[in-house]
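Opening the notebook on this one.

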Amino acid sequence: IFGYSPQKCVEQVRIENAKKMLLNTNSSLIEIAQNCGFPSQAYFNFVFKKYMHITPLEYRKFQSPSI
């Protein structure tokens, strides 16, 4: 009905949560991966890059306001 699988919906919610954590916390990538429900940091990196076309560290670096 929605045009995407339940797994894809879950991944999108997890990525949105991870994006918020990347910008608003100093948590490590492994902590963010675990808190967002990814089984490993490697899988988190893979899924994040699939959706965002950059790695989580690149996202944090380029999206964080420079002080």
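Predicted model: local features only at pLDDT ≥ 70, side-chain atom pairs only at ≥ 80, totals over all residues.

Residues are numbered from 1 along each chain as its sequence is written, and side-chain values use heavy atoms, with hydrogens and water left out.

**Helix 1**

Which residues of helix 1 are buried? I got E11, I15, A18, K19, M21 and L22. Looking down the axis of helix 1, I see these buried residues fall within an arc of 165° (taken from the directions from the helix axis to the C-beta atoms), so they line one face of the helix.

I then checked what the buried residues of helix 1 pack against, and found helix 2 (29-35), helix 3 (41-52) and helix 4 (56-63); contact here means heavy atoms within 4.5 Å. Helices are DSSP runs of H or I, at least four residues, numbered from the N terminus.

Length check: helix 1 covers residues 6-24, 19 residues, and reaches 27 Å from its first C-alpha to its last, close to the 27 Å expected. The expected span is 1.5 Å times one less than the number of residues.

**Helix 3**

I ran the span check here too: the 12 residues of helix 3 should span 16 Å, and its end C-alpha atoms are 16 Å apart, which agrees. Its buried residues are F44, V47 and F48. They cover an arc of only 100° around the axis, which puts them on the same side of helix 3. I found helix 1, helix 2 and helix 4 among what covers them. Turned away from that buried side are the exposed residues A42 and F46.

**Cysteines**

How many disulfides does the structure hold? I counted 0, a disulfide being a pair of cysteine sulfur atoms within 2.5 Å. The sulfur of C9 is 15 Å from the closest cysteine sulfur, in C36, too far for a bond. Buried or exposed, I asked of C36? At 8% relative accessibility, C36 counts as buried, while C9 is partly exposed at 31%.

Technical notes: Helix = DSSP H or I, 4+ residues; strand = E, 2+ residues; numbered from the N terminus. Buried < 20%, exposed > 50% of the residue type's maximum accessible area, 1.4 Å probe, protein only.
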